[in-house]
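Please look at the sequence and the model below before reading on. The text then leads through the model step by step.

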Amino acid sequence: MRVWGRSSAAATTLATSQLGVAVERAMQAAVAPAPSPPRRMARNVGRVPGAAGGMFKGSQVDPNDRWASIAVSPDQWLTWRQPVLVARMREQWSNNDHVKRYVDMCRQNIVGPLGILLQAKAKKRGGQLDTESNDAIEAWWAQWGRTGHCDVTGTYSWREIQDVCVATCVRDGEFLARKIYGKHAGPMGFSLQLIDPARLPIRYEALKWGDEGGFVRQGIEFNRYGRPVAYHFSSLDERDAYYYTLNGKGYVRVPAEEVIHVFKKEMVGQRRGLPWAATSLFGLHHLQGFQDAAVQNARASAAKMGFFEWDAGMGPDCDGDDEGEIYVDAEPLSFHELPPGARLKDWNPTYPSGEYAVFAKQVLRSIAAGMNVSYHSLTGDLEKVNFSSIRSGTLEERERWKQDQQFVIEQLCTPVFEEALKLALLAGRITVRGRPLSAEKYAEYRKVSWQGRRWAWVDPRADVESALSSIRGGLTSVSQVIREQGRDPQEVFRELAEDLVAMREAGLPEAFITQVLIGKVTGGNAPPANDENDEDNDHADAA
């Protein structure tokens with residue numbers, strides 16, 4: 001047991017797969033019962049080791065079963081498995097229609113056509129929204145997000161960066177970007193450099209780094225508590241100031257505060273990301289092979305062929321030339337006479353048949369479960385789907401998209417915005433009435449909300465009536481309902497006010513305007529316009 005208390009290098013060595021198997025066998029030998037006498041051996045034949053215990057059968061060890069029984073740390077597991085998973089996910093993305101569809105679904109539902117939008121929420125001292133400052137911040141952010149401003153190459157817009165971030169996370173498990181400042185960052189003084197995750201070598205490690213007990217693991221430098229300090233990217237550019245070599249290979253050391261590293265953390269101690277469809281890769285690969293074989297069989301079946309069989313002693317000489325061989329040119333409504341002793345043997349393969357669709361559908365259901373999407377969304381197969389089932393699946397799937405939107409907001413949108421805002425305030429780029437906003441109010445100006453893409457009502461009439469009933473009952477607010485539709489409440493209220501002014505300036509009757517607005521906001525019925533009799537009654541009541 002003292003072995004496990006040695007240095008981390010020894011612990012890493014003990015965790016290799018070969019030694020893990022040896023340790024497992026030693027543990028099995030240690031707990032195995034003493035051998036029985038030969039006369040009793042027949043009673044134990046076919047008994048699974050450890051089967052006497054009825055609890056937690058998943059912990060029983062069978063030497064004939066290749067089921068892992070020794071846990072390894074996330075570092076050890078990721079170091080050896082992550083590159084293989086990424087390589088296979090990239091291959092499937094380039095060749096498998098379902099993987100391509102899954103990546104596109106994530107991009108379309110997490111980012112959407114407009115991207116994740118910013119809504120500034122700075123307030124004045126009295127608690128009211130600072131509308132002028134918020135409008136100025138949103139205008140500056142829209143300007144920074146234009147193509148040529150937010151990306152160091154000048155080829156991406158902010159929406160496209162979000163799009164690439166999601167697609168890269170789905171395919172490679174992680175997204176990397178470097179913050180660029182100064183004259184090389186473009187006209188706004190700050191931009192991003194997108195980096196291929198393959199440039200961060202996952203098998204580059206150093207057990208000791210620096211004088212404060214740091215270490216390098218999976219290409220990332222950490223302090224002794226596991227906080228990222230720097231990223232070590234592979235590079236062939238010796239002009240870089242941080243370029244150095246290790247075992248003949250060059251690396252660039254970039255401080256962690258300059259790097260944005262986006263990935264889903266699913267294990268404590270996880271330092272790198274995994275492809276989002278990692279558990280589905282096995283089924284995807286074999287389903288693709290099954291489909292390829294089925295296509296080849298279908299092509300062979302479509303090519304109608306037949307063979308001639310000869311009776312004994314009849315037919316052409318096999319050792320001779322091609323003379324005597326029979327060829328039939330098939331034409332519609334034609335009849336042919338065969339030579340004596342020849343019979344036609346039909347060859348008519350029927351695969352793929354009905355079992356192909358059943359098997360493929362079952363495999364795709366498992367694949368969709370691993371991707372955490374509904375089967376009908378992944379495949380487009382709406383056979384035997386009713387309104388209730390598709391509504392339930394769609395609503396559950398949308399909650400997943402909202403969660404992923406929050407993931408992108410926390411790991412990409414917020415860090416980028418706060419860094420860009422800080423620099424813009426210091427440079428005086430955000431102005432109200434010709435005067436720059438004060439950098440001292442950075443803490444207030446950084447208060448924003450992010451609005452992700454939302455979707456149309458599943459059942460428009462029922463869902464709208466439900467929302468209106470919740471508003472009237474005080475269970476929700478108009479602003480919340482508007483946000484669920486993917487819009488900014490302040491923008492909607494402003495448009496309603498502008499519509500009201502425009503309708504009055506156009507000379508529309510007040511009764512018509514009231515009817516439109518009441519029906520638009522609450523779904524209720526406006527009071528009818530007063531006719532002449534109603535006006536007389538009003539005068540009488542006033543008198």
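Predicted model: local features only at pLDDT ≥ 70, side-chain atom pairs only at ≥ 80, totals over all residues.

Residues are numbered from 1 along each chain as its sequence is written, and side-chain values use heavy atoms, with hydrogens and water left out.

Start with the whole protein. It contains 17 helices and 15 strands; helices (H or I, at least four residues) and strands (E, at least two) are DSSP runs, numbered from the N terminus. Of the 543 residues, 33% are buried. Here buried means under 20% relative accessible area, exposed means over 50%, and partly exposed lies in between, with a 1.4 Å probe and protein chains only. The protein exposes about 34,400 Å², and carbon and sulfur atoms supply 53% of that area. Accessible areas come from the Shrake-Rupley method with a 1.4 Å probe, and for residues only the protein chains shown count as cover. A contact means heavy atoms within 4.5 Å. Among contacts between residues at least 6 apart in sequence, 63% join residues at least 24 apart.

Next come the aromatic rings. A pair of such rings is described by the distance of the centres and the angle of the planes. Rings of Phe, Tyr and Trp (its six-membered ring) pair if their centres lie within 6.5 Å; planes under 30 degrees apart count as stacked, over 60 as edge-to-face and the rest as tilted. The structure has 15 aromatic pairs. In one of them, Trp144 and Phe190 are stacked, at 6.1 Å centre to centre and with 20° between the planes. Trp144 lies in helix H6 (residues 131-144) and Phe190 in strand E3 (residues 190-195), so this pair ties together parts that are 46 residues apart in sequence. Trp144 is buried, at 1% relative accessible area, and Phe190 is buried too, at 2%.

Tyr204 and Tyr251 form another stacked pair, with 4.4 Å from centre to centre and 20° between the planes. Tyr204 is in the loop between E3 and strand E4 (206-209), while Tyr251 is in strand E9 (residues 249-255), so the pair links parts 47 residues apart in sequence. Both Tyr204 and Tyr251 are buried. Returning to Trp144 and Phe190, they belong to one aromatic cluster with Trp140, Trp141, Trp158, Tyr181, Phe417 and Trp450.

Some rings have a charge over them. This is counted if NZ of Lys or CZ of Arg is within 6 Å of the ring centre and within 35 degrees of the ring normal. The charged end of Lys264 sits over the ring of Phe407, 5.9 Å from its centre. The charged end of Arg271 sits over the ring of Phe222, 4.6 Å from its centre.

How many disulfides does the structure hold? The number is zero, where a disulfide is a pair of cysteine sulfur atoms within 2.5 Å. Cys106 is buried, with a relative accessible area of 0%, and Cys150 is buried with a value of 0%.

The last topic is the backbone. Most residues other than glycine have a negative phi. Gln218 has a positive phi, near 55°; its place is the loop between strand E5 (214-217) and strand E6 (220-222), and Gln218 is buried at 0% relative accessibility. Asn372 has a positive phi of about 65°. Asn372 is in the loop between helix H9 (354-371) and helix H10 (375-379), and at 46% relative accessibility it is partly exposed.
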